[in-house]
Amino acid sequence: MGNIKFVNENKEVIAADGANLRLKAMENGIDIYKFWGKMTNCGGYGQCATCIVEVVEGLENLSPRTDVENRKFKNKPDNYRLACQTLVNGPVSVVTKP
Ligand code: FES
């Protein structure tokens, strides 16, 4: 079990092992999408790349980057993740809409 801290929102939520980061955010009223993402997001299938978060602590407690993420984030720092592709296995802190 791990806590997910949403830094910008100053909110901490509890997550069971293997919880999906995008779903956890949505369940807890955390808005991970910018304007266009709200209208056009793919619903968590790793297609739109609008659910980006920056992991500021606990990167090692997340599932490894998927192939989709490796493609989308070729020129981005290692701590950028697609929330919908990320499973939480321990405490993390994330920044939404980096
Ligand atoms: S919601 Fe579309 S890539 Fe994550």
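Modeller: One definition before we start: two strands pair if DSSP finds at least two bridges between them. On that basis β1 (residues 2-6) pairs with β7 in the parallel sense, over three bridges. Keep in mind that this is a predicted model.

Biologist: Which residue of β7 is the bridge partner of Phe6?

Modeller: Val94 in β7 is the bridge partner of Phe6.

Biologist: And in which sense do β4 and β7 pair?

Modeller: Antiparallel, with four bridges between β7 and β4, which covers residues 52-57. Glu57 has Ser93 of β7 as its bridge partner.

Biologist: How many residues of β7 are buried?

Modeller: Five of its five, so the strand, residues 92-96, is mostly covered. In a regular strand the side chains alternate between the two faces of the sheet. Here both faces of β7 are covered: Val92, Val94 and Thr96 are buried on one side, and Ser93 and Val95 are buried on the other.

Biologist: Back to β1. How many bridges join β1 to β2?

Modeller: Five, and β1 and β2 (residues 11-15) run antiparallel. Lys5 stands opposite Glu12 of β2. The two strands form a hairpin with four residues between them.

Biologist: What is the phi of Asn10 in the turn?

Modeller: Asn10 has a positive phi of about 55°. Most residues other than glycine have a negative phi.

Biologist: Which residue has a phi near 60°?

Modeller: Ala49, which is not a glycine either. Ala49 is in the loop between α2 (35-40) and β4. Its relative accessibility is 22%, so Ala49 counts as partly exposed. Lys97 is another non-glycine with a positive phi, about 50°. Lys97 sits in the segment after β7, and with 34% relative accessibility Lys97 counts as partly exposed.

Biologist: Changing topic: is Ala19 buried or exposed?

Modeller: Ala19 counts as buried, because its relative accessibility is 13% and the cut-off for buried is under 20%. Ala19 belongs to β3, which covers residues 19-20.

Biologist: Which residues does Ala19 touch, leaving out those up to four places away in sequence?

Modeller: Lys24, Thr86, Leu87 and Val88.

Biologist: OK, zooming out. What pattern does the protein chain follow along the sequence?

Modeller: The order is β-β-β-α-α-β-α-β-β-β, with three helices and seven strands in the protein chain. The radius of gyration is 12 Å, close to the 13 Å that the globule rule gives for 98 residues, so the chain is as compact as a globular protein of that length. Along the principal axes, the C-alpha atoms fill a box of roughly 30 × 25 × 20 Å.

Biologist: What share of the contacts join residues at least 24 apart?

Modeller: 59%, counted among contacts between residues at least 6 apart in sequence.

Conventions. Residues numbered from 1 in each chain as written. Predicted model: local features only at pLDDT ≥ 70, side-chain atom pairs only at ≥ 80, totals over all residues. Heavy atoms only, no water. Rg over C-alpha atoms; globule rule 2.2 N^0.38 Å. Contact = heavy atoms within 4.5 Å. Buried < 20%, exposed > 50% of the residue type's maximum accessible area, 1.4 Å probe, protein only.
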